[in-house]
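Student: I have a model open and a few things to ask about it. Can we go through it piece by piece?
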Amino acid sequence: ASHELRTPLASLAGFIETLQGPARDDPAARDRFLGIMHDQAGRMSRLVNDLLSLSRIEMKGHVRPSDPVDLVAVLRHVIDALEPLARDLGVAIEASIPSERVTVVGDRDELVQVFENLVENACKYGQSGKRVEVELVNRAGAPVVTIRDFGPGIPEEHLPRLTERFYRVDLDASRRHRGTGLGLAIAKHILARHQARLSIASRLGEGATFTVSFPQAKA
Ligand code: ATP
Ligand code: MG
């Protein structure tokens, strides 16, 4: 984490020095550097937010959430929120979600965060597949959410490490999409609190499938 924060900070400090010195009287350079600095500050602020979110979740890791949460509403909300991004990327989100409620015991905002990241990842990194499927089924009272894209997929050797913090398969793609590499690390912690399981499957060239399996609701 310290490296991820130090790099943009060092670069920011470097640009400030340049602006105070050599570039002081060069308006064109000044504009360009300020643009870069703005991006870097934005990146650092996303990083800090994600790190804070991760440590908050780690802290309450062993406390079970206790609210009834409707997964149908959570997924509809996530899809609505990501529709503009998907449209910009030329990706169609196809939902296959039951009309009646599917309730789990959980923390609504945390679950929104998990599915937002999974659907966002599918749209960004699976963009070339042009569509993303979001499916919710209730298997004998045990809800299963599947998010599938048809992009480049993820080489098998990366799969076990995807939920490590800052782990990124394609650094360029992640940078381009302003990723911090913390989304799946956060998701893993949140799902552990929910006693839910995340499994990832992929075939190269055919896309990736992220499956979240919730425990069976107690009667
Ligand atoms: P953040 O979620 O913090 O914005 P991020 O998206 O880079 O940043 P994660 O969500 O943790 O971080 O994902 C980690 C990496 O896993 C991504 O950078 C990408 O390389 C890879 N990845 C995730 N989902 C997919 C996918 N559906 N297809 C291909 N690669 C993926
Ligand atoms: Mg992500």
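Student: Which residue in β7 stands opposite S202?

Tutor: A208 stands opposite S202. Keep in mind that this is a predicted model.

Student: Which residue in β7 stands opposite L198?

Tutor: L198 faces V212 in β7.

Student: In what sense do β6 and β7 pair, and over how many bridges?

Tutor: The pairing of β6 with β7 (residues 207-213) is antiparallel, over 7 bridges. The hairpin made by these strands has 3 residues between them. There G205 takes a positive phi near 85 degrees.

Student: What is the strand order in the sheet?

Tutor: The order is β2-β4-β5-β7-β6, in an open sheet of 5 strands with mixed pairing. The edges are β2 (92-96) and β6 (197-203); each has a single partner strand, so one side of each lacks a neighbour in the sheet. From one strand to the next, the twist averages 15 degrees.

Student: Which helix packs on the sheet, and which strands does it touch?

Tutor: Helix α4 (residues 108-125) does, touching β2, β4 (131-139), β5 (142-149), β6 and β7. The direction of α4 makes about 25 degrees with that of β5.

Student: Changing topic: what are the protein donors of the magnesium ion?

Tutor: They are OD1 of N117 and OD1 of N121, 2.1 to 2.2 Å from the magnesium ion (ligand 2). Both asparagines lie in α4, 4 residues apart, which is about one turn of the helix.

Student: Are N117 and N121 buried or exposed?

Tutor: Both N117 and N121 are buried.

Student: And E116, where is that?

Tutor: E116 is also placed in helix α4. Its relative accessibility is 26%, so E116 counts as partly exposed.

Student: What does E116 touch?

Tutor: Leaving out residues up to four places away in sequence, E116 touches H77, V78, A81 and L82.

Student: How many Å separate the C-alpha atoms of E116 and A201?

Tutor: They are separated by 19 Å, with the two residues 85 apart along the chain.

Student: Now the aromatics. How many aromatic pairs does the structure hold?

Tutor: There are 2 aromatic pairs. F15 and F33 form a tilted pair, with 5.1 Å centre to centre and 45 degrees between the planes. F15 is in helix α1 (residues 2-20) and F33 in helix α2 (residues 27-59), so this pair ties together parts that are 18 residues apart in sequence. F15 and F33 are both buried.

Student: What about the rings of F115 and F214, how far apart are their centres?

Tutor: The centres are 6.5 Å apart and the planes are at 45 degrees, so the pair is tilted.

Student: Why tilted?

Tutor: Because planes under 30 degrees apart count as stacked and planes over 60 as edge-to-face, with the rest called tilted. The planes of F115 and F214 are at 45 degrees.

Student: Which parts does that pair tie together?

Tutor: F115 lies in helix α4 and F214 in the segment after β7, so the pair ties together parts that are 99 residues apart in sequence.

Student: Are F115 and F214 buried or exposed?

Tutor: F115 is buried, with a relative accessible area of 0%. F214 is buried too, at 5%.

Student: Last one: what sits over the ring of F150?

Tutor: The charged end of R131 does, 4.0 Å from the centre of that ring.

Key:
Residues numbered from 1 in each chain as written. Chains lettered and ligands numbered in written order. Predicted model: local features only at pLDDT ≥ 70, side-chain atom pairs only at ≥ 80, totals over all residues. Heavy atoms only, no water. Pairing = 2+ DSSP bridges. Helix = DSSP H or I, 4+ residues; strand = E, 2+ residues; numbered from the N terminus. Axes fitted to C-alpha atoms, helices over the stretch in contact; angles between N-to-C directions. Contact = heavy atoms within 4.5 Å. Phe/Tyr/Trp six-rings, centres within 6.5 Å; stacked < 30°, edge-to-face > 60°. Buried < 20%, exposed > 50% of the residue type's maximum accessible area, 1.4 Å probe, protein only. Lys NZ or Arg CZ within 6 Å of the ring centre and 35° of its normal. Donors = N, O, S within 2.8 Å, 3.2 Å for Na, K, Ca; no water.
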